[in-house]
Amino acid sequence: MIYIFCYGSALVLILSGLSKLISHSNTKQFFLKYIAINDISITFMALLFPLLEIGIGIGLFIYAHLILYISALSLISIFIIINSYALINKVEEDCKCFGNLIPTKTGLGGLIQSLGMFFSIVPLLYFDIAKMNIIDFDNVFYLVPVLLWFITLIIIRRNVEVV
């Protein structure tokens, strides 16, 4: 049961990473606003960050391991910090978190989505005794709640705005 939320969050990471790779220039522009380093380093970061998201997302499906969970929580913590900063400072900006696929802004929606993803993975630190992966699921009915959690996270991210 605890894997359902983890897999839904993994799908979000994969979609986000793929979308950022496709619209690489938008990711680069977002990094340029916040990090004052040279163009080559920004280009490298704008490629590395989505690849990291995709790698962690796929890893959550294939191989359950403590280091992978900590990596995912660390990555999601960055999202929590960015969205908390935006919310506190009332900076609602187009972040291109899903590239050009899904229009998103920094702020409350991103914070709620990131917290949902964070708390989807935290229980695995304590309760992942079986070291299960998606291949171990014999029942296709697990796919429905995984997709529902994934869709819920996307809807929250897209539709929750600062009031």
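Leaving aside residues up to four places away in sequence, Ile56 touches Leu13, Leu68, Ser71, Ala72 and Leu75, where contact means heavy atoms within 4.5 Å.

Buried means under 20% relative accessible area, exposed means over 50%, and partly exposed lies in between (1.4 Å probe, protein chains only).

## What kind of model this is

This is a predicted model, in which local features need pLDDT of at least 70 and side-chain atom pairs count only at pLDDT 80 or more, while totals for chains, interfaces and linings use all residues. Residues are numbered from 1 along each chain as its sequence is written, and side-chain values use heavy atoms, with hydrogens and water left out.

## The overall layout

The protein has 6 helices and 0 strands, giving the pattern α-α-α-α-α-α along the sequence. Helices (H or I, at least four residues) and strands (E, at least two) are DSSP runs, numbered from the N terminus. Of the 163 residues, 44% count as buried. Among contacts between residues at least 6 apart in sequence, 78% join residues at least 24 apart.

## Helix 1 against helix 5

Let's look at the helix pairs, starting with helix 1 (residues 2-22) and helix 5 (residues 108-127), which pack at an angle of about 135° with their axes 9 Å apart. That angle makes helix 1 oblique to helix 5. Axes are lines fitted to C-alpha atoms, for helices over the stretch in contact, and angles run from 0 to 180 degrees between N-to-C directions. Angles under 35 degrees count as roughly parallel, over 145 as roughly antiparallel, 65 to 115 as roughly perpendicular and the rest as oblique.

The crossing of helix 1 and helix 5 is left-handed, a label used if the near helix is turned anticlockwise from the far one by less than a right angle, with right-handed for clockwise. Helix 1 brings Ile2, Tyr3, Phe5, Cys6, Ser9, Val12 and Leu13 to the contact, and helix 5 brings Gln113, Met117, Ser120, Ile121, Leu124 and Phe127. These residues divide into 10 nonpolar, 3 polar and no charged. For these classes, Ala, Val, Leu, Ile, Met, Phe, Trp, Tyr, Cys and Pro count as nonpolar, Asp, Glu, Lys and Arg as charged, and the others, Gly among them, as polar.

## Helix 3 and its two partners

Helix 3 packs with helix 2 at an angle of about 120°, with the axes 9 Å apart, and the crossing of this pair is right-handed. Residues in the contact include Phe31 and Leu32 of helix 2, and Ile42 and Phe49 of helix 3. By class, the contact of helix 2 with helix 3 has 7 nonpolar, 3 polar and 2 charged residues.

With helix 4, helix 3 packs at an angle of about 135°, the axes being 10 Å apart, and helix 3 passes helix 4 in a left-handed crossing. The contact is made by Phe49, Leu52, Glu53, Ile56, Gly59 and Leu60 of helix 3 and Leu68, Tyr69, Ser71, Ala72, Leu75 and Phe79 of helix 4. Its residues comprise 9 nonpolar, 2 polar and 1 charged.

## Two residues of helix 3

Glu53 is found in helix 3 and, at 1% relative accessibility, counts as buried. Not counting residues up to four places away in sequence, Glu53 touches Leu13, Ile14, Ser16, Gly17, Lys20, Leu75 and Phe79.

Leu51 also lies in helix 3, but Leu51 is partly exposed, with a relative accessible area of 48%. Its C-alpha atom is separated by 7.8 Å from that of Leu21, 30 residues apart along the chain.

## Two lysines with positive phi

Most residues other than glycine have a negative phi. Lys90, in the loop between helix 4 and helix 5, has a positive phi near 55°. Lys90 counts as exposed at 75% relative accessibility. Lys96 is in the loop between helix 4 and helix 5 and has a positive phi of about 55°. At 23% relative accessibility, Lys96 counts as partly exposed.
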